[in-house]
Amino acid sequence: MKTIALTTAALLAAPALALAAAPAHAGDDDRERTGSCSGSTNWKIKAGPDDGRMEVEAEIDSNRSGQTWRWVLRHEGRVADRGTSVTRGPSGSFDVERRTANTAGTDTYKFRAVNRASGEVCVARVSR
């Protein structure tokens with residue numbers, strides 16, 4: 001009876017030990033923030049390390065397809081990229097993903113998007 005109890009305890013503990021030893025998933029170090037724009041649109045921004053660089057992803061979600069947005073991504077106050085995107089799909093959103101240098105200390109990102117038709121403004125910030 002004692003052997004069965006010890007064997008059962010060992011079998012039950014094995015999955016827990018395997019989970020504790022599992023490597024961390026990519027993105028565990030990401031910082032993510034969400035918020036609202038000047039109208040009914042929402043934004044999300046996320047930044048985290050990726051192969052010695054930083055990956056930043058910004059999303060604008062207006063729930064309306066076909067809207068044109070002009071955007072600027074800044075890293076440490078300098079323009080990292082800029083462009084124009086159109087909301088697509090049933091979600092009515094677009095996202096911008098870029099990789100930048102991983103500077104010493106905290107990396108700070110600002111993503112600003114303006115809806116060309118309505119003038120609605122979204123400003124998203126994240127530091128990592």
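A search of the whole structure finds four salt bridges, a salt bridge being a side-chain nitrogen of Lys or Arg within 4 Å of a carboxyl oxygen of Asp or Glu. Bear in mind that this is a predicted model, in which local features need pLDDT of at least 70 and side-chain atom pairs count only at pLDDT 80 or more, while totals for chains, interfaces and linings use all residues. Residues are numbered from 1 along each chain as its sequence is written, and side-chain values use heavy atoms, with hydrogens and water left out.

Begin by selecting K44 and E59, which form a salt bridge whose closest N and O atoms are 3.6 Å apart. K44 lies in strand β2 (residues 42-50) and E59 in strand β3 (residues 53-61), so this pair ties together parts that are 15 residues apart in sequence; strands (E, at least two residues) are DSSP runs, numbered from the N terminus.

Next, select R99 and D50, where the closest N and O atoms of the salt bridge are 3.3 Å apart. This pair links distant parts of the chain, with R99 in strand β6 (residues 93-101) and D50 in strand β2, 49 residues apart.

Finally, select D81 and R98, whose side chains meet in a salt bridge at 2.4 Å, N to O. Here D81 belongs to strand β5 (residues 78-86) and R98 to strand β6, 17 residues apart. D81 has a relative accessibility of 24% and counts as partly exposed, a term for values between buried (under 20% relative accessible area) and exposed (over 50%), using a 1.4 Å probe and protein chains only.

Definitions and conventions. Helices (H or I, at least four residues) and strands (E, at least two) are DSSP runs, numbered from the N terminus.
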